[in-house]
Amino acid sequence: MNKKAQALIVTIAVLSVLLIIGLSLLVLTFYEVRHSRIYLDSIKAQYLAEAGIVLASEFLSLDKESNKSDSFNDFFYDQIKGEDVDLNEDAENESLWFRVENSQGGLYGRFALRVIDEAGKLNLNYCGERSSPAYGLDFSEIDINPLFSSLGINKKASLVERRFGQDKAPGKNNIDDDSDNPLLSVDGIDNDFDGLFDESNEGVDEPDEQGYGDDRLFLVTEEALDLLEVPKDVRFKDYFTVYSKEREVDYFEELRVYLNTYFPRDVVLNFLLSGVSSPFQKAANFIDYQDKDFEQTVLDKFYKIVDLPGPSGGGFINKGGYFVALPSSGESTFSIQNLDIEDGQYFCFFHSPFRGSPVGYVSVGDISDCDVYAGEGLFSKVNVEAGSLSVKIKPFDDEECYVSHIELISLDKKDGLEHISVRGRESLVINEILAKPSSELVTIQDQDPKGAWVWKDGFYENAEFASGKSGEGKWVFAVNKSGYFYIKVFANSPGGYIGDVSIAGKDLRDARDGMIFSEPVYINDNLTLTIQNNSLVEIASFKSLVISQEPDTEFIEILNISPYSIDISDFTVEITQEGGGSLGWPALIPQGTQIEAYQHLILSIDKDDRDCALFLRNNGIFFQKTWGMSSVQLQFTGAVEGNDDIIPNKKAKVTLKDSQARVVDTVEYKSEQVSDFTSVEKSDPTLFWDNDANGIFDAWFFSESLAKATPGERNDNPGMKEIDPVTLEVFYHDVREQVVQNNPFINIGYANDVASDFAWEKFDLRSISLLADKFTSFRKHLGFGSFLGGAFEETEEGFYSSRKGDTGVWRWPNIAEGIYSLKILASEDSSSSLSVDIKLGDEISGYLGPFAFDKGWLNYGNIEIKDDSESLEINLRNEEDKPLLILNFILEPQFQARGRININTASKEVLSALTDGPTALRVISYRPFGERTNRRLGIGDLLQDTSLGFTPKQKIDNFKLIAPLITTHSDIYEVVCLGEYIVEDQKKASHRIEAIIER
């Protein structure tokens, strides 16, 4: 082969290689361009998906501004709903494509949205795995296992044990992580769900301590999948979450009140804002029902009753003293003028002559169409300007409506308002009083005593001097009582001569008006009395006599309406009359005196003729002999010698005080309520009826028992019985129908056991419904955080100071942002006061105060945490040279409750974890809840229909179990968005984003 041929071959080879390289580069370039275009298309699809997330976020924000109760009726659900695409992979299209156009109006791309409420799911971090009885106390009562079973999910390991870490306990094992043991170990609630109540370590390792120590909460839902076997057709994230939480505010963005707060003003304010009928009485009873002490709550009410003028327009017509309107008869305007009260804001309540009757839809100022029944108020204050107020009332569509007057109320004194004190009902009540075990027996003409005695128009007279036996008169009086009695005789005139009087072998020689037999006289049903005039110079007269067991058998009965025994050692009873005290009082109840649950305990003047006042001893007249039952001997602190009326027969006030001189109960009886040998009794022992509006109970019944009193037994009076209108059978009430627990509420549903304002009635469903959104059963115990130093001394119980000027500093990092009310708890016998300095981030309040402790509680007031990372620092300074033991720092309420389930968006499966299946289906059929009326009752709407049952008992029993675990409000959502980039109607790329959004 010649050289030219070789060169040709080489040339061809080189050119072939170059061609191959060129073609390779061309292909690579083509693929690079293609991949670049694919990547660019995917970026465009991602941007489209992100745009969908932004749109969903805007939808959620707009919805939050216009709607505080969240449900599938929210407008954004309709905006994204369609039949274009299946985002939840259940083989059914549920979402709508949103078109995105280019500048020429052509289709650039599209995205579809699915929004899932995280509050409609079960929170893996707070549910439990227990089958023990539920109380409605804590989220750990929600058993996750039935939900797993219904979805076909099998557990490989315990989710709860995984959360609690290696020590298998919430928080640090055997440690009070959240510093609440001092309270929880005495609250009467099984806080750790072990079946025992108030153990010494009740607040140690209870469910809400999780998150401390080696606990490992799930950060994302997918973490739980390692512990489970989930069927392929189950989308796990549709039922479970780790994100749900709710702010502790009501519909109107007002901070809820901790259910068991000590501070009465906080409670009554929310009763007023709820519009519940008789707000002061119910609030006082509510407080006394749950607090630990026996001191009667007293609330000051300032009010003005305003009769409504004739209306203009609408259907209300005057019926003489009230107005009535037919259903749907049109809105009437009541223009009230010349109100003689200070201008300002007032709570406004509406009344009619008929208890609980409909009033209608009321509009005042900014308040519109608030549904009101007689006795109820509006959900916000009204403005009185220039002495004027305009009220509009539209009758309900299906009921006649009635109204007579309104009541304007203030918590503070204002010009033109009347004042009354309203008292709650504690577990110890003064239940019965016998003030006058005596009777006057008056002579009458028909008695005809014979002898020398002659009737003289109101009395008998013997004018035959020294007529002796021949002139003796004999009178017989029907007493219908047996026993020893003091006998006092009376002539026709003061100091007048009576003669020689004999009764049952006892003599009173030369008796004159008002003289008493030196010894008690025994009488058996009838009293026979003889009188001789043995005087040589005086005319004898006889008008009447008094038989008496005063004061020996006088008594005061105390009733315990709690289910617990109560030690009343060193309690005192005090009686005062108009113008001052009564002789001998106060009296002390002896050491060791116990009053058992629902026991009637008698406090007697003379128990057994031995331990009473000297002049009452060994005379045969004493309580236990007369009534045949035991009693407690009062120990008088003042002299009672010679006083025959220790419990006065005229108007008097009786007060029971505890060993620290705090009022437990106070009552009064009027002179006209004192009757011979007849006691005055209460009916429903929880009622506070105050006829003369002086702040003291006075609505007694006379005992109708054969004995005219019922010491130690059930009272017998018209208020204790009812007659069945059909059978006419008499039904007797029992005091066990009413109870005061003196233990905290588990949740607001348990308030249905509280006495109402009407005999033998408790809080009804309407009251609970109105109150449900105003209260929370969660608060945050801060404990002691980091003690930074000071003169306070750390002890096992807390931090101790003994002298004025001691300071201490504590710090807590990372408190969730929000508004809280700061409370400081000390031992109840602490009497010091404190000044408080709050430091939040770089902001320092400076020392404020001094603030005084009341029963161990100090209320500093509201503080605002503005950022989750902001630390809270509290500086205390003791302002008195008195012992002080700080037990806890508390924020009320806890700002966020994690794990609440939105009953408006939860699936049947999730709702069935809260309650039974049929109830879950009824809840779904009735929803949405929360805004059925302009009252915006939140979860209170559940009690307005048959969602939870068909009887009041069924409804409230089911409500108790779920009340603190549910909500109608949501703030965290999962948003799923699928974005598609499209060119010439061809999908070029798609991108799916699943995001958690907190609005």
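Author: Let us start with exposure: a residue is buried under 20% relative accessible area, exposed over 50% and partly exposed in between, with a 1.4 Å probe and the protein chains only. Val17 has a relative accessible area of 46%, so Val17 is partly exposed. Please note that this is a predicted model, in which local features need pLDDT of at least 70 and side-chain atom pairs count only at pLDDT 80 or more, while totals for chains, interfaces and linings use all residues. Residues are numbered from 1 along each chain as its sequence is written, and side-chain values use heavy atoms, with hydrogens and water left out.

Reader: Where is Val17 found?

Author: Val17 belongs to helix α1, residues 3-66. Helices (H or I, at least four residues) and strands (E, at least two) are DSSP runs, numbered from the N terminus.

Reader: Which residues form a nonpolar patch on the surface?

Author: Patches are made of residues with over 30% relative accessible area and no salt bridge; like charges are joined within 9 Å, and nonpolar side chains (Val, Leu, Ile, Met, Phe, Trp, Tyr) within 5 Å. Here the nonpolar patch is formed by Val10, Val14, Leu15, Val17, Leu18, Ile21, Leu25 and Leu28. Together they have about 740 Å² of accessible area, computed by the Shrake-Rupley method with a 1.4 Å probe, where for residues only the protein chains shown count as cover.

Reader: How should I read a salt bridge?

Author: Side chains of opposite charge can pair when their charged atoms come close. The rule for a salt bridge asks for a side-chain nitrogen of Lys or Arg within 4 Å of a carboxyl oxygen of Asp or Glu. By this rule the structure has 66 salt bridges. One of them joins Glu248 and Arg900, whose closest N and O atoms are 3.1 Å apart.

Reader: Which parts does the pair of Glu248 and Arg900 tie together?

Author: Glu248 lies in the loop between β8 and β9 (257-258), and Arg900 in the loop between β60 (896-898) and β61 (901-902), so the pair ties together parts that are 652 residues apart in sequence. Glu248 is buried, at 0% relative accessibility, and Arg900 is also buried, at 5%.

Reader: Is Arg509, the partner of Asp500 in a salt bridge, buried or exposed?

Author: Arg509 is exposed, with a relative accessible area of 52%, whereas Asp500 is buried at 9%. Their side chains meet at 3.9 Å, N to O.

Reader: What distance separates N and O in the salt bridge of Arg811 and Glu873?

Author: The distance is 2.8 Å. Arg811 is in strand β52 (residues 807-812) and Glu873 in strand β58 (residues 872-878), so this pair ties together parts 62 residues apart in sequence. Arg811 is partly exposed at 34%, while Glu873 is buried at 11%.

Reader: How is empty space inside a model found?

Author: Rolling a probe the size of a water molecule over the atoms shows where empty space is left. On a 1 Å grid over the protein atoms alone, a cavity is a set of points where a 1.4 Å probe fits but cannot get out; a pocket is an open set with protein on both sides within 12 Å along at least five of seven lines; lining residues have an atom within 4 Å of a point. Grid points are joined across faces, edges and corners, and a volume is the space filled by probe spheres set on the points.

Reader: What is the volume of the second largest pocket?

Author: That pocket has a volume of about 1100 Å³. Among the 41 residues that line it, Ser277, Ser278, His351, Gly375 and Asp757 are the closest to its centre. Helix α7 gives the most to this lining, with 5 residues.
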